[in-house]
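Subject: Structure handover

Hi,

Here is the structure I promised to pass on. Please open it first, then read my notes below with the view beside you.

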Amino acid sequence: MRALFRRILAFCSVISVLVPAAVWAAGEKAAMLVVVADTRRVTSDIGKYFADLYNTNMWLFAVWAVVLTAGYGVFLGFSMDIIMSRTGLDLKSRKIIEH
Amino acid sequence: MEHSFWYLHMPIAGVEIFWPGLVLIGFSVGTIGGFFGMGGAWMVTPGLNILGFPMAFAIGTDIAHIAGKSMISTMRHSKFGNVDYKLGFVMLFGTMFGIEIGAQMIMWLERLGKVGPIVRWVYVGFLAMISFMVFYDYYKADQAKKAGRISGDKGAEGITWYKALHKINIPPMVHFKTAGFTCSAWLPIGVSFITGILAGFLGIGGGLLRMPALVYLIGCPTHIAVGTDLFEVMISGLYGAFTYTLKGRIELVAVFVMLTGAAIGAQIGTVATKYAKGYGIRIAFGCAVVACMVSIILKQYGIDVMAAVVILGAISALCVYIVSIMFKGAAAELRDKKERERAAAAFQN
């Protein structure tokens with residue numbers, strides 16, 4: 001039974017990688033509209049790079065968006081952890097009281 | 001101060017945005033999301049829209065921000081031991097398949113040209129059901145407490161549907177150590193599948209449905225339901241961020257500005273769960289669900305301004321409530337700690 005469960009899990013993993021494109025295809029139909037980033041008003045080099053990337057290579061821009069969002073989230077999580085640890089609060093245990 | 005100092009140019013959306021507003025939205029949703037264990041798209045999207053983002057950009061930016069914010073909250077909840085990763089991974093499969101089916105149903109309704117009103121009323125129906133369940137559960141638990149009917153380590157309980165569902169004996173039976181129960185693996189898969197269908201159908205992240213489902217149907221303690229749900233929101237949010245970016249509907253600058261506010265809010269919301277009782281979280285969650293429901297009804301009748309007022313009012317009230325729990329609890333904890341240290345020092349002398 002465990003082997004069967006493992007097989008089902010493996011099958012689900014593969015499907016969950018392959019199927020989602022169809023899931024999100026059901027979203028709104030705004031993709032018909034072409035949006036172009038206005039690079040004329042961007043002054044910084046980094047900003048210009050990303051604005052250009054948005055206009056030329058959306059796939060790479062999407063990868064950057066996810067990596068940067070996750071990376072910034074982790075960075076903020078660790079930074080806040082350092083700050084919170086200085087408050088003197090016990091941040092590793094809690095009692096669960098339901099009522 | 002110069003006018004331009006307060007406004008940030010968004011190169012992709014092509015709009016000037018009042019950036020302190022973005023920080024404030026991030027902070028509020030970080031606080032509320034960290035406390036309830038949900039993404040909070042229903043709060044962010046109208047907020048971004050009010051600040052001046054076109055709706056399509058508001059949705060994409062919102063999803064990316066939710067992914068980052070949930071990551072921060074999950075990290076904090078994980079340290080408290082509030083995240084059952086095993087349960088989260090098992091549920092992920094059901095959620096993915098469910099969302100697919102829900103999305104297909106939406107496409108079918110879209111072809112029939114009936115998608116708008118049907119989705120909205122189904123949404124309202126479910127929100128009404130969830131809020132009724134939360135308040136009825138509280139009423140029952142309160143009655144049980146008064147009558148002295150306290151069972152196990154969970155204390156007085158109201159709705160205990162999960163007890164009947166745990167009796168389902170279809171193998172494999174899995175023990176979820178952090179959540180503290182054993183059940184058939186098909187229970188969390190089935191529940192997440194159904195909540196996934198609804199999430200896909202309603203076009204939402206699903207935290208609003210999954211959190212109560214984790215509590216009432218799967219039997220998670222409230223705190224663990226909050227942490228585990230945030231883990232799910234984080235994964236689906238990252239995926240959503242990728243697909244919305246491919247559609248070109250994301251404003252990365254806004255995401256980062258909001259995340260900065262959310263980092264502080266997420267700490268407050270998450271740490272506040274330490275000082276809140278499970279039923280306190282459930283009741284506040286019920287209030288949030290009611291606010292969401294009222295705003296959708298108002299939107300359905302075209303009263304958009306009032307809908308925004310309801311949403312923003314609810315966000316402010318919930319934020320004040322959560323921040324006050326956090327600061328009162330933290331002050332009491334630090335006071336106790338100081339007293340213990342003083343007593344220990346006096347004992348040594």
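**How two helices cross**

H4 of chain B passes H7 of chain B in a right-handed crossing. Keep in mind that this is a predicted model.

Two packed helices are described by the angle between their axes and the distance between the axes. Here H4(B) covers residues 85-112 and H7(B) covers residues 186-202. They pack at an angle of about 35°. Their axes are 6 Å apart. What kinds of residue make up the contact of H4(B) with H7(B)? There are 19 nonpolar residues, nine polar and one charged.

Look at H7(B) by itself next. It has 17 residues. From its first C-alpha to its last it reaches 24 Å, close to the 24 Å expected at 1.5 Å a residue. H7(B) is largely enclosed by the rest of the structure, because 13 of its 17 residues are buried.

**Another covered helix**

Now find H8(B), residues 207-218. Just after H8(B) comes B:Gly219, with a positive phi of about 90°.

**Chain B as a whole**

Chain B has twelve helices and four strands. Its C-alpha atoms fill a box of roughly 65 × 60 × 35 Å along the principal axes. Of its 349 residues, 54% count as buried. Contacts within the chain also reach along the sequence. Take those with a separation of 6 or more: residues 24 or more positions apart account for 75% of them.

Is B:Thr260 buried or partly exposed? It counts as partly exposed, because it has 17 C-beta neighbours inside 10 Å; a residue needs 20 or more to be buried. B:Thr260 touches B:Val23 and B:Gly26, leaving out residues up to four places away in sequence. Its C-alpha is separated by 9.9 Å from that of B:Gly68, 192 residues apart along the chain.

**A cis bond**

B:Pro171 and B:Pro172 are joined by a cis peptide bond, with omega about 0°. Where is B:Pro172 found? In the loop between helix H6 (161-166) and strand S3 (173-176) of chain B.

Chain A has four helices and zero strands. Along the sequence, its pattern is α-α-α-α. Of its 99 residues, 15% count as buried.

The contact between the chains takes 59 residues from chain B and 50 residues from chain A. Several helices of chain B each supply at least two residues to the side that touches chain A, including H3 (55-80), H4 and H12 (304-348). By class, that side of chain B has 36 nonpolar, 13 polar and ten charged residues.

Best wishes

Conventions
Residues numbered from 1 in each chain as written. Chains lettered and ligands numbered in written order. Predicted model: local features only at pLDDT ≥ 70, side-chain atom pairs only at ≥ 80, totals over all residues. Axes fitted to C-alpha atoms, helices over the stretch in contact; angles between N-to-C directions. Left-handed = near helix turned anticlockwise from the far one by under 90°. Nonpolar A, V, L, I, M, F, W, Y, C, P; charged D, E, K, R; others polar. Buried ≥ 20, exposed ≤ 12 C-beta atoms within 10 Å, placed from the backbone. Contact = placed C-beta atoms within 7 Å. Expected span 1.5 Å × (residues − 1).
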